[in-house]
Amino acid sequence: MRKQIAAANWKMNKTLEDGKKLLNDILSGVGSLHEHQQVIFAVPFPYLIQCNEMIKGKKNLYISAQNCHHKTSGAYTGEVSVDMIHSIDIKYCIVGHSERREYFAESNAMLAEKVNLCLAKNIIPIFCCGEPLDIREAGSQNAFVEKQLEESLFHLDQEAVQKVVIAYEPIWAIGTGKTASSEQAQEMHAHLRNVIAGKYGKTVSENISILYGGSVKGANANEIFSQPDVDGGLVGGASLIAEEFLQIIAALK
Ligand code: PEP
(Lines give C-alpha, C1' and ligand atoms only; values in the text may rest on other atoms or scores of the structure.)
Protein backbone atom coordinates (compact mmCIF):
# COMPACT_ATOMS: atom_id res chain seq x y z
CA MET A 1 0.00 0.00 0.00
CA ARG A 2 1.30 3.47 -0.78
CA LYS A 3 2.09 5.81 2.10
CA GLN A 4 -0.93 7.33 3.87
CA ILE A 5 0.06 10.65 5.39
CA ALA A 6 -1.37 13.21 7.81
CA ALA A 7 0.75 16.34 7.38
CA ALA A 8 0.31 19.35 9.65
CA ASN A 9 1.17 22.78 8.27
CA TRP A 10 1.51 25.17 11.20
CA LYS A 11 2.25 28.08 8.85
CA MET A 12 3.24 31.25 10.80
CA ASN A 13 1.51 30.19 14.02
CA LYS A 14 2.56 29.26 17.56
CA THR A 15 5.41 30.46 19.73
CA LEU A 16 8.07 27.88 20.56
CA GLU A 17 6.41 27.04 23.91
CA ASP A 18 2.93 26.75 22.37
CA GLY A 19 4.28 24.67 19.51
CA LYS A 20 6.10 22.29 21.85
CA LYS A 21 2.94 21.86 23.90
CA LEU A 22 0.88 21.14 20.79
CA LEU A 23 3.42 18.61 19.53
CA ASN A 24 3.64 16.97 22.96
CA ASP A 25 -0.14 16.68 23.21
CA ILE A 26 -0.28 15.04 19.78
CA LEU A 27 2.62 12.71 20.53
CA SER A 28 0.92 11.58 23.75
CA GLY A 29 -2.29 10.73 21.90
CA VAL A 30 -1.06 9.31 18.63
CA GLY A 31 -0.55 5.64 19.52
CA SER A 32 1.27 3.35 17.13
CA LEU A 33 1.07 3.89 13.40
CA HIS A 34 0.89 1.17 10.76
CA GLU A 35 3.92 0.61 8.56
CA HIS A 36 2.33 2.50 5.63
CA GLN A 37 1.17 5.48 7.74
CA GLN A 38 3.16 8.63 8.43
CA VAL A 39 2.54 11.80 10.40
CA ILE A 40 4.48 14.90 9.41
CA PHE A 41 4.70 18.27 11.16
CA ALA A 42 5.68 21.24 9.01
CA VAL A 43 6.76 23.68 11.71
CA PRO A 44 8.27 27.18 11.48
CA PHE A 45 12.00 27.30 10.67
CA PRO A 46 13.16 28.39 14.17
CA TYR A 47 11.62 25.29 15.76
CA LEU A 48 12.83 22.63 13.33
CA ILE A 49 15.71 21.44 15.50
CA GLN A 50 13.75 21.27 18.75
CA CYS A 51 10.76 19.59 17.17
CA ASN A 52 13.04 17.09 15.43
CA GLU A 53 14.53 16.21 18.82
CA MET A 54 11.04 15.67 20.20
CA ILE A 55 10.11 13.06 17.58
CA LYS A 56 13.51 11.34 17.52
CA GLY A 57 13.20 7.55 17.69
CA LYS A 58 9.43 7.65 17.17
CA LYS A 59 8.32 5.46 14.29
CA ASN A 60 6.87 7.08 11.16
CA LEU A 61 6.82 10.60 12.58
CA TYR A 62 8.68 13.35 10.73
CA ILE A 63 9.34 17.07 10.87
CA SER A 64 9.13 19.11 7.68
CA ALA A 65 10.22 22.56 6.60
CA GLN A 66 7.48 24.74 5.13
CA ASN A 67 9.62 26.15 2.35
CA CYS A 68 13.15 26.38 0.98
CA HIS A 69 14.93 28.73 -1.38
CA HIS A 70 15.39 27.82 -5.04
CA LYS A 71 19.12 28.66 -5.10
CA THR A 72 21.80 26.66 -3.31
CA SER A 73 23.38 29.53 -1.33
CA GLY A 74 24.41 33.16 -1.56
CA ALA A 75 23.23 36.70 -0.97
CA TYR A 76 19.55 36.06 -0.26
CA THR A 77 19.05 37.72 3.12
CA GLY A 78 16.48 36.02 5.29
CA GLU A 79 16.18 32.91 3.13
CA VAL A 80 16.81 29.27 4.06
CA SER A 81 18.55 26.82 1.72
CA VAL A 82 17.96 23.12 1.19
CA ASP A 83 21.53 22.48 2.38
CA MET A 84 20.70 24.16 5.70
CA ILE A 85 17.56 22.06 6.11
CA HIS A 86 19.52 18.94 5.23
CA SER A 87 22.26 19.83 7.70
CA ILE A 88 19.79 19.63 10.59
CA ASP A 89 18.45 16.26 9.44
CA ILE A 90 15.01 17.29 8.22
CA LYS A 91 13.44 14.79 5.83
CA TYR A 92 10.53 16.68 4.26
CA CYS A 93 9.89 20.14 2.80
CA ILE A 94 6.65 21.67 1.55
CA VAL A 95 7.19 23.12 -1.92
CA GLY A 96 4.81 25.43 -3.76
CA HIS A 97 2.13 26.03 -1.15
CA SER A 98 -0.49 28.31 -2.69
CA GLU A 99 0.35 31.02 -0.13
CA ARG A 100 3.96 30.99 -1.37
CA ARG A 101 2.80 31.03 -4.99
CA GLU A 102 0.47 33.95 -4.33
CA TYR A 103 2.36 36.16 -1.84
CA PHE A 104 5.89 35.41 -2.98
CA ALA A 105 5.28 34.99 -6.71
CA GLU A 106 6.65 31.46 -6.87
CA SER A 107 6.41 30.17 -10.42
CA ASN A 108 6.19 26.59 -11.64
CA ALA A 109 9.74 26.91 -13.00
CA MET A 110 11.08 28.12 -9.63
CA LEU A 111 9.31 25.23 -7.91
CA ALA A 112 10.98 22.78 -10.29
CA GLU A 113 14.33 24.10 -9.02
CA LYS A 114 13.24 23.66 -5.41
CA VAL A 115 12.10 20.10 -6.12
CA ASN A 116 15.47 19.30 -7.72
CA LEU A 117 17.45 20.73 -4.80
CA CYS A 118 15.36 18.81 -2.26
CA LEU A 119 15.68 15.49 -4.08
CA ALA A 120 19.43 15.97 -4.50
CA LYS A 121 19.66 16.07 -0.68
CA ASN A 122 17.19 13.23 -0.11
CA ILE A 123 14.58 15.61 1.26
CA ILE A 124 11.10 14.61 0.15
CA PRO A 125 9.19 17.51 -1.39
CA ILE A 126 5.52 17.76 -0.48
CA PHE A 127 4.59 19.41 -3.74
CA CYS A 128 1.40 21.50 -3.57
CA CYS A 129 -0.85 22.12 -6.54
CA GLY A 130 -4.40 23.37 -6.90
CA GLU A 131 -6.63 25.79 -8.74
CA PRO A 132 -8.13 29.15 -7.71
CA LEU A 133 -11.90 29.64 -7.59
CA ASP A 134 -12.29 31.30 -11.01
CA ILE A 135 -10.58 28.37 -12.70
CA ARG A 136 -12.84 25.92 -10.85
CA GLU A 137 -15.90 27.94 -11.83
CA ALA A 138 -14.78 27.93 -15.45
CA GLY A 139 -14.42 24.15 -15.26
CA SER A 140 -10.72 24.29 -16.26
CA GLN A 141 -9.27 22.86 -13.05
CA ASN A 142 -7.95 19.63 -14.58
CA ALA A 143 -5.84 21.37 -17.22
CA PHE A 144 -4.66 23.99 -14.70
CA VAL A 145 -3.37 21.48 -12.16
CA GLU A 146 -1.96 19.23 -14.86
CA LYS A 147 0.18 22.15 -16.07
CA GLN A 148 1.52 22.70 -12.54
CA LEU A 149 2.69 19.08 -12.46
CA GLU A 150 4.10 19.21 -15.98
CA GLU A 151 6.13 22.35 -15.35
CA SER A 152 7.43 21.50 -11.87
CA LEU A 153 7.68 17.69 -11.76
CA PHE A 154 7.63 16.11 -15.19
CA HIS A 155 11.31 16.78 -15.91
CA LEU A 156 12.08 14.15 -13.23
CA ASP A 157 12.87 10.57 -14.16
CA GLN A 158 10.75 7.63 -12.98
CA GLU A 159 12.83 6.94 -9.90
CA ALA A 160 12.87 10.56 -8.73
CA VAL A 161 9.22 11.36 -9.30
CA GLN A 162 8.15 8.45 -7.08
CA LYS A 163 9.88 10.10 -4.14
CA VAL A 164 7.65 13.19 -4.35
CA VAL A 165 4.49 13.50 -2.27
CA ILE A 166 1.80 15.53 -4.05
CA ALA A 167 -0.75 17.61 -2.16
CA TYR A 168 -3.81 18.68 -4.14
CA GLU A 169 -5.09 21.83 -2.46
CA PRO A 170 -7.87 23.70 -4.23
CA ILE A 171 -7.12 27.31 -3.25
CA TRP A 172 -10.79 28.11 -2.71
CA ALA A 173 -10.90 25.49 0.05
CA ILE A 174 -7.80 26.57 1.99
CA GLY A 175 -8.58 28.25 5.28
CA THR A 176 -12.09 29.07 4.05
CA GLY A 177 -14.01 26.32 5.82
CA LYS A 178 -15.20 25.32 2.33
CA THR A 179 -14.04 21.75 1.71
CA ALA A 180 -14.07 20.16 -1.70
CA SER A 181 -16.63 17.37 -1.63
CA SER A 182 -15.13 13.92 -1.38
CA GLU A 183 -16.29 13.37 -5.00
CA GLN A 184 -14.47 16.52 -6.16
CA ALA A 185 -11.33 15.44 -4.33
CA GLN A 186 -11.48 11.89 -5.70
CA GLU A 187 -12.12 13.17 -9.24
CA MET A 188 -9.02 15.38 -9.21
CA HIS A 189 -6.83 12.81 -7.50
CA ALA A 190 -7.85 10.17 -10.05
CA HIS A 191 -7.18 12.65 -12.84
CA LEU A 192 -3.70 13.44 -11.51
CA ARG A 193 -2.92 9.76 -11.14
CA ASN A 194 -4.00 9.24 -14.77
CA VAL A 195 -1.83 12.09 -15.96
CA ILE A 196 1.13 10.65 -14.05
CA ALA A 197 0.37 7.20 -15.50
CA GLY A 198 0.33 8.71 -18.99
CA LYS A 199 3.81 10.14 -18.47
CA TYR A 200 5.49 7.49 -16.26
CA GLY A 201 3.29 4.38 -16.43
CA LYS A 202 0.69 2.90 -14.10
CA THR A 203 3.08 1.36 -11.58
CA VAL A 204 4.75 4.70 -10.88
CA SER A 205 1.40 6.48 -10.63
CA GLU A 206 0.14 3.90 -8.14
CA ASN A 207 3.19 4.45 -5.93
CA ILE A 208 2.81 8.21 -5.50
CA SER A 209 0.92 9.47 -2.46
CA ILE A 210 -1.52 12.26 -3.28
CA LEU A 211 -2.78 14.16 -0.23
CA TYR A 212 -5.84 16.38 -0.15
CA GLY A 213 -5.67 19.80 1.50
CA GLY A 214 -8.37 22.38 2.13
CA SER A 215 -10.31 22.72 5.39
CA VAL A 216 -9.77 19.11 6.44
CA LYS A 217 -10.91 18.62 10.04
CA GLY A 218 -11.74 15.82 12.42
CA ALA A 219 -15.35 15.72 11.26
CA ASN A 220 -14.71 15.34 7.52
CA ALA A 221 -11.37 13.49 7.39
CA ASN A 222 -12.90 10.01 7.35
CA GLU A 223 -15.05 10.68 4.33
CA ILE A 224 -12.30 12.42 2.35
CA PHE A 225 -9.54 9.93 3.21
CA SER A 226 -11.76 6.97 2.38
CA GLN A 227 -11.69 7.91 -1.30
CA PRO A 228 -9.51 5.42 -3.21
CA ASP A 229 -7.08 7.98 -4.64
CA VAL A 230 -6.82 10.18 -1.55
CA ASP A 231 -3.81 9.19 0.55
CA GLY A 232 -4.34 11.44 3.55
CA GLY A 233 -4.20 15.20 3.97
CA LEU A 234 -2.16 18.36 4.30
CA VAL A 235 -3.86 20.24 7.10
CA GLY A 236 -3.59 23.88 8.15
CA GLY A 237 -6.06 25.24 10.72
CA ALA A 238 -7.14 21.93 12.24
CA SER A 239 -3.53 20.85 12.75
CA LEU A 240 -3.17 23.57 15.40
CA ILE A 241 -5.62 21.81 17.71
CA ALA A 242 -4.35 18.53 19.17
CA GLU A 243 -7.73 16.75 19.41
CA GLU A 244 -8.64 17.72 15.84
CA PHE A 245 -5.34 16.58 14.39
CA LEU A 246 -5.49 13.31 16.36
CA GLN A 247 -8.89 12.62 14.82
CA ILE A 248 -7.43 13.33 11.39
CA ILE A 249 -4.56 10.92 12.04
CA ALA A 250 -7.08 8.30 13.17
CA ALA A 251 -8.88 8.68 9.82
CA LEU A 252 -5.86 7.54 7.79
CA LYS A 253 -6.42 4.35 5.81
C1 PEP B 1 -3.04 24.42 4.03
O2 PEP B 1 -2.61 25.48 4.40
O3 PEP B 1 -2.30 23.66 3.38
C4 PEP B 1 -4.42 24.07 4.33
C5 PEP B 1 -4.95 23.05 3.73
O6 PEP B 1 -5.06 24.88 5.25
P7 PEP B 1 -6.50 24.60 5.91
O8 PEP B 1 -6.50 23.17 6.37
O9 PEP B 1 -6.58 25.57 7.03
O10 PEP B 1 -7.52 24.83 4.84
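Okay, a word on naming before we start: helices and strands here are DSSP runs, with helices being H or I over at least four residues and strands being E over at least two, numbered from the N terminus. With that in hand, Leu240 sits in the loop between β8, which is 232-235, and α12. And keep in mind throughout that this is a predicted model.

What is Leu240 in contact with, once we leave aside its neighbours within four places in sequence? The answer is Trp10, Asn13, Lys14 and Leu22. I also have a distance for Leu240 and Ser32: they're 208 residues apart along the chain, and their C-alpha atoms are separated by 21 Å.

Lys14 is in the loop between β1 and α1, and its phi is positive, about 80°, even though it isn't a glycine. Lys11 is in the loop between β1 (4-9) and α1 (16-29), and Lys11 also has a positive phi, near 50°, again without being a glycine. Why flag that? Because most residues other than glycine have a negative phi.

Lys11 brings us to the ligand. There are 14 residues around the ligand, and the closest are Lys11, Glu169, Gly175, Ser215 and Gly236. Now some polar distances. Glu169 uses its side chain: an N or O atom there is 2.6 Å from an oxygen atom of the ligand. Gly175 uses its backbone, with an N or O atom 2.6 Å from a ligand oxygen. Then there's Gly237, where a polar backbone atom is 2.8 Å from an oxygen of the ligand.

First up, α11 (residues 218-225) and α12 (residues 242-250). Their axes are 8 Å apart, at an angle of about 15°. The cut-off for roughly parallel is under 35 degrees, so α11 counts as roughly parallel to α12. The crossing is right-handed. On the α11 side you've got Gly218, Ala219, Ala221 and Phe225, and they meet Glu244, Gln247 and Ile248 of α12. Sort that contact by class and you get 4 nonpolar, 2 polar and 1 charged.

Next, α7 (residues 141-152) with α9 (residues 182-200). Here the axes come within 10 Å and cross at roughly 45°, so α7 and α9 are oblique to each other. It's a right-handed crossing. From α7 we have Gln141, Asn142, Val145, Glu146 and Leu149, and from α9 Met188, His191, Leu192, Val195 and Ile196. That contact has 6 nonpolar, 3 polar and 1 charged residues.

And α7 has another partner, α5 (residues 108-120). Those axes come within 8 Å and cross at roughly 50°. How do α5 and α7 lie to each other, then? They're oblique, and the crossing is right-handed. The α5 residues are Asn108, Leu111, Ala112 and Val115, while α7 brings Lys147, Gln148, Glu151 and Ser152. By class that's 3 nonpolar, 3 polar and 2 charged.

Terms used. Residues are numbered from 1 along each chain as its sequence is written. This is a predicted model: local features need pLDDT of at least 70, side-chain atom pairs count only at pLDDT 80 or more; totals for chains, interfaces and linings use all residues. Side-chain values use heavy atoms; hydrogens and water are left out. Axes are lines fitted to C-alpha atoms, for helices over the stretch in contact, and angles run from 0 to 180 degrees between N-to-C directions. Angles under 35 degrees count as roughly parallel, over 145 as roughly antiparallel, 65 to 115 as roughly perpendicular and the rest as oblique. A crossing is left-handed if the near helix is turned anticlockwise from the far one by less than a right angle, and right-handed if clockwise. Contact means heavy atoms within 4.5 Å. Ala, Val, Leu, Ile, Met, Phe, Trp, Tyr, Cys and Pro count as nonpolar, Asp, Glu, Lys and Arg as charged, and the others, Gly among them, as polar. A residue is near a molecule or strand if one of its heavy atoms lies within 4 Å of it. A polar contact is a pair of N or O atoms within 3.5 Å; within protein, one must be able to donate a hydrogen and the other to accept it, and residues adjacent in sequence count only if both atoms are side-chain atoms.
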